[in-house]
Amino acid sequence: MVEHVRVVIVDDHSIFRSGLKADLDETIEVVGEAHDVESAVAVVTDAAPDVVLLDVHLPGVAVPAGTSGGAEVIRRAAASLRQAQDGAEPSTRFLALSVSDKAEDVVGVIRAGARGYITKGSSGADVSRAVHAVAGGDAVFSPKLAGFVLDAFGAPVGETASASDELDRLSAREQEVMRLIARGYAYKEVAAELFISTKTVETHVSAVLRKLQLSSRHELTAWANARRLL
Amino acid sequence: MESRAQQVTDAAASVDADAAPSAPRLTRPRACVATGVAAGLAAHLGWPVWIVRTAFVVTSLASGAGLLLYVWLWVFTPWAPGEERPTRRAPVAWLLMVAAAISLIAAWATSGRVVESGGNGLEWWLLAVFAGVGLAVASGAWATFIDRPDADRGPRQELAIRIVATALLAITALALVFGPNANWFPVPTFVAALAAVIGIALVYVPTLIASWRDLTAERTKRIREEQRSEIAAHLHDSVLQTLALIQNRAGATSEVARIARAQERELRDWLFAGDAPAESDLGTDLRDFGAALEIDHAVTVDVVVVGESRERASGEMAAAAREAMLNAARHAGGEVSVYVESTPEAVEVFVRDRGPGFALADVPGDRLGVRESIIGRMRRAGGSGEVRQGVGGVGTEVRLRFPAAERVEVGRG
């Protein structure tokens, strides 16, 4: 029995929200919906769901220039959740859903705190799987996101982290994992290929996600903008 | 002279041979001396060119009738049909400039005599000054409007003409103001000097017109760009969303989803056009090929490109990769992942599908597809190819590798 996951869907297109709702499997309960930045923050704070499925592009009254509505929701909702729970780190996680292939948008939401990114073209089963992964604390990487990460951290030109806590480069193992994900491997297959456990793969992916969120590498956006890799 | 006229006649005649056998249509040949009027008219009338030219000169002496006719014909006679830019053998701008200089020098040389004779011939003197100024301006205009697109002359000649014209007219103006005439005939001299100064301004007017035109074009372009990005934003919010929804409701490999995906890709390419690389590299090419495959086969192709792609789309590597993708689309279907990585050492392409899979050893030797078109091709080109079963026995993965070392050498040399 897979555990039950409570989800809020944030998207400005009601047709997309209802479509997605119908497609998610029965272990996922949709506890709220929102259509713009302001309502999303209110609904998420109110419902405190396990996972927020979040469109990258959201209309909102006060979205600062240079960021997307999705990233803004993550920032504001996380802050107000923390406040509501008396400063405790909220357990709500964010999964970005996007039709946008623009790297700056996707990297923007990831850096704002999203735990993963999938395209809106993904099937209901894929989305459900991703929701469960994110709810369980894992990161969800699409092949394109993995490819972008490799590029942004200089893997093709042979940059490798020497220490595991180095934020601006990937370790050799992390590069291997990212390469396999970029080649279309599922975590399980990555584990089999590298003779490690799935759990270890997940740890590596989470480590990469953390680097993506915290690294100050200017290439992150420079690369993304120049090549629209995602 | 005769032979050139003959050539022109022949050329014009052959162009219009079937239309009008008696007299070729009146057109100006594209390779001409100055404007092509004389040569065109000669071809039309069947006369030698020198007669036509002489006639123009002679009739011009009769109150400028010939000149008028010449200009009339110049304005209303079309170029001979053809693609190439008209070329002019005569350096018309410089000839005009020389004429201007002669005219002005003549005026300067005679100014003393005009003063001595107490104003006798003043009108001729003035005429020479005005003619000089007019010719200098005409020279500048010719260089700007007519000679500029000419590859042999172009902006450099234009600049030279301008400098000479400015110098000539400035010296004229100074000479007039400080010369002897200014004392004796202040008003006509002042008018002449003013004409010279206005002439300088006129020489630069074409530049102003040109930059005004550029400015307008720039503004139009910007407005168009703004409109386009507005439309793009709107389409992004509406149509792309709907296409995404269609895809995920219809099931990834259904006909409808594939069409929606193809449309989405096309729309996206259009929306973000402009920042696409002009030259097709390996990644772009495989992406396009994947899009084409999705239309013909029940398959979704995900192409991920990492690293600066130096491999050209026309190479053996690309051909082998396309073959592998086609194989995957045909025999496996479903989801196909393509991964292209360019490192300084090598270019690698992985094509992965989740179909029933096959091992190379099981493929009969007479099936040339994989063995020849992928692995053999890579080996002949100096790379390597490998087909193996996917992880966990699911699907097939083709791995292509091409070392970059020699290509870098070639690039350097």
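1. Residues 159-178 of chain B are 100% helix and 0% strand, with end C-alpha atoms 28 Å apart. Helices here (H or I, at least four residues) and strands (E, at least two) are DSSP runs, numbered from the N terminus. UniProt, in an unreviewed entry, lists this stretch as a "transmembrane region", along with residues 31-50, 56-80, 92-112, 124-147 and 190-212 of chain B. UniProt positions follow the numbering used here, feature names are shortened, and annotations may be inferred rather than shown by experiment.

2. This is a predicted model, in which local features need pLDDT of at least 70, side-chain atom pairs count only at pLDDT 80 or more, and totals for chains, interfaces and linings use all residues. Residues are numbered from 1 along each chain as its sequence is written, and chains are lettered from A and ligands numbered from 1 in the order in which they are written.

3. Helix H7 of chain B covers residues 154-178 and has 25 residues. From its first C-alpha to its last, H7(B) reaches 36 Å, close to the 36 Å expected at 1.5 Å a residue; the expected span is 1.5 Å times one less than the number of residues. The buried residues of H7(B) are B:Glu158, B:Ile161, B:Val164, B:Ala165, B:Leu168, B:Leu169, B:Thr172, B:Ala173 and B:Leu176. A residue is buried if 20 or more other C-beta atoms lie within 10 Å of its own, exposed if 12 or fewer, and partly exposed in between, with C-beta atoms placed from the backbone. An α-helix has 3.6 residues a turn, so residues three or four places apart point the same way.

4. B:Glu323 belongs to helix H13 (residues 316-331) of chain B. Is this residue buried or exposed? B:Glu323 counts as buried because it has 20 C-beta neighbours inside 10 Å. Not counting residues up to four places away in sequence, B:Glu323 touches B:Ser373 and B:Ile374; a contact requires C-beta atoms, placed from the backbone, within 7 Å. B:Ile374 is 51 residues from B:Glu323 along the chain, yet their C-alpha atoms are separated by 6.6 Å.

5. Chain A contains ten helices and five strands. Of its 230 residues, 51% count as buried. Among contacts in chain A between residues at least 6 apart in sequence, 62% join residues at least 24 apart.

6. The five strands of an open sheet in chain A have the order E2-E1-E3-E4-E5, with parallel pairing. Strands E2 (28-34) and E5 stand at the edges with a single partner strand each, so one side of each is left without a neighbour in the sheet. The twist averages 25° from one strand to the next; axes are lines fitted to C-alpha atoms, for helices over the stretch in contact, and angles run from 0 to 180 degrees between N-to-C directions. Two strands pair if DSSP finds at least two bridges between them.

7. Strand E3 (residues 51-55) of chain A is joined to E4(A) by five bridges, and A:Val51 has A:Arg93 as its bridge partner in E4(A). Four bridges join strand E1 (residues 5-10) of chain A to E3(A), where A:Leu54 is the partner of A:Val10. Helix H3 (residues 69-84) of chain A lies across E1, E3 and E4 of chain A, at about 150° to E3(A).

8. Why is strand E4 (residues 93-98) of chain A largely enclosed by the rest of the structure? Six of its six residues are buried, so the rest of the structure largely encloses E4(A). A:Arg93, A:Leu95 and A:Leu97 are buried on one side, and A:Phe94, A:Ala96 and A:Ser98 on the other. Three bridges join E4(A) to strand E5 (residues 117-119) of chain A, with A:Ile118 as the bridge partner of A:Leu97.

9. For A:Asp55, an unreviewed UniProt entry lists "modified residue: 4-aspartylphosphate". A:Asp55 is found in strand E3 of chain A and is buried, with 27 other C-beta atoms within 10 Å. Leaving aside neighbours within four places in sequence, A:Asp55 is in contact with A:Val10, A:Asp11, A:Asp12, A:Gly70, A:Leu97 and A:Ser98.

Conventions:
Two residues are in contact if their C-beta atoms, placed from the backbone, lie within 7 Å.
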